[in-house]
Amino acid sequence: MQKTFLLGLALVTTATASQAAAQTITGAGASFPYPLYSKMFAEYRKDTGVSVNYQSVGSGAGQKQITERTVDFAGSDNPMSDEAMKVAPAKLLHVPTAIGAVVPAYNVPGVTQPLKFTGRVLADIYLGKIRTWNDKAITALNPGVTLPGLPITAVRRSDGSGTTYVFADYLSKVSNEWKTKVGVGNSLQWPTGTGAKGNDGVAGVVKSTPGAIGYVELVYAKQNKLPFGSVRNRAGKDVLADNGPAAAAAQGVVIPADTRVSLTNSANRDAYPITSFTYVIFYGEQKYGNRTQAQAKALKNLLSWMVTGGQAYTEPLDYAKLPTTVASKARNIINSMTYGGSKL
């Protein structure tokens, strides 16, 4: 079921409250950043009557809607490829708004300590090769933990999902079998598993299903009080997701000017390996259809705040803030927005 949220935004603008009240910003896409976005938007409502209608429908649907110009911006956990952007009627821009971690959340009765996983084990679970919790591949990683012979229910997204993309991107880097048999994408041909819509849907199925495991953004595991495991990173360190390890994934990574980059399987020894930027996607040239200059400026001001003052809300909600250099690149992209060929 599509979820629609009407939330207020404050804009860094000199417009009067009455002018701002006449404006509405629309967005659609990823559920991954929704807890953060809802907080950001609610805080900004205190300062303005401008509203945003954000539909938490998954990254794939968000990308489709921005391509069709039915929303002002899309939310996505993976950047669109050059090929995907070719179908858009004009140039699309990407701006990261935070860093998030995708964790293996599970429901294994009787297990009270965080389990340890490797990328290979996670891949084999979702390939259908590891079918019970007491499989030797899992028990070998967790000495001293009594694991039941309970069948594993692998829960995955049923909708087009950036969280799926991030998870599959990581698995493709650590498992050749996954890379060749399944690959990377917002939607996949899954070898096994039970589908659910949205991060909240996956978390809900895991919570209600003994023996289940699912990949979700960190805050969804915490909000649902689901245990989640550590994942062994590229340096051989077992890392439990948190703000610090998520932020470390971006350290040492060359961030291109357009900010489209993968952070998974980072070489940083302290990094959590299943980590990603979450993006907003929008048009560089804002004059199209019946859009007004005021609408374009409202979007620009919103995006500018999200990568500056809005960063204060990242860490309290278990996201990592943008590194200073990335925030600077984001501001440069936002400042390049035009209306009728002139900079906003």
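Tutor: Let's begin at F41, which is buried, with a relative accessible area of 0%. Please keep in mind that this is a predicted model. Y37 is buried too, and its relative accessible area is 0%. Helix α2, residues 34–45, holds both Y37 and F41, and they sit four residues apart, about one turn of the helix. The count of aromatic pairs comes to 16. In the pair made by Y37 and F41, the ring centres are 5.7 Å apart and the planes meet at 35 degrees, so the pair is tilted. That label follows because planes under 30 degrees apart count as stacked and those over 60 as edge-to-face, with the rest tilted.

W305 is buried, with 6% relative accessible area, whereas Y313 is partly exposed at 22%. Elsewhere, Y126, F167, W178, W190 and Y215 come together in one aromatic cluster.

The largest nonpolar core has 101 residues, and I125, W178, F277 and F282 touch the most other members. Strand β5, residues 92–106, gives the most to this core, with nine residues. A separate core of twelve residues lies apart from it, and I66, V71, M80 and A88 are among its members.

Leaving out residues up to four places away in sequence, its contacts include D77, P96, A98, I99, A250 and I255. T259, V261, L263, L322, P323 and V326 are touched by F277 as well.

F277 belongs to one face of strand β12, so let's look at the strand itself. Of the nine residues in β12 (residues 275–283), nine are buried, so the strand is largely enclosed by the rest of the structure. In a regular strand, side chains alternate between the two faces of the sheet. On one side of β12 we find T275, F277, Y279, I281 and Y283, on the other S276, T278, V280 and F282, and all are buried. As for neighbours, β5 and β12 run antiparallel and are joined by nine bridges, with L93 having F282 as its bridge partner in β12. Strand β4, residues 73–76, pairs with β12 in the antiparallel sense as well, over three bridges; here S76 has Y279 as its partner.

R69 lies over the face of Y283, 4.6 Å from the ring centre. R69 also lies over the face of Y288, at 4.1 Å from that ring's centre.

From there we can turn to charge pairs. Side chains of opposite charge can pair when their charged atoms come close. The whole structure has 16 salt bridges. One of them joins the side chains of D238 and K116, at 3.9 Å from N to O. Since D238 lies in strand β11 and K116 in strand β6, this pair ties together parts that are 122 residues apart in sequence. D238 is partly exposed at 29%, and K116 is partly exposed at 35%.

Those two strands belong to an open, mixed sheet of three strands, in the order β6-β10-β11. Its edge strands are β6 (116–117) and β11 (238–239), each pairing on one side only. β6 pairs with β10 (residues 230–232) in the parallel sense over two bridges, and K116 has S230 as its bridge partner in β10.

Two further salt bridges round out the view. D159 and R157 meet at 2.8 Å, N to O; D159 is buried at 11% relative accessibility, and R157 is buried at 4%. E177 and K181 meet at 2.7 Å, N to O. E177 and K181 are four residues apart in helix α8 (residues 176–181), about one helical turn. E177 is partly exposed at 24%, while K181 is exposed at 59%. Salt bridges with shared partners link D124, K129, E177 and K181 into one network.

Notes
Residues numbered from 1 in each chain as written. Predicted model: local features only at pLDDT ≥ 70, side-chain atom pairs only at ≥ 80, totals over all residues. Heavy atoms only, no water. Pairing = 2+ DSSP bridges. Phe/Tyr/Trp six-rings, centres within 6.5 Å; stacked < 30°, edge-to-face > 60°. Buried < 20%, exposed > 50% of the residue type's maximum accessible area, 1.4 Å probe, protein only. Lys NZ or Arg CZ within 6 Å of the ring centre and 35° of its normal. Core = buried A, V, L, I, M, F, W, Y, C linked by side-chain atoms within 4.5 Å. Contact = heavy atoms within 4.5 Å. Salt bridge = Lys/Arg side-chain N within 4 Å of Asp/Glu carboxyl O.
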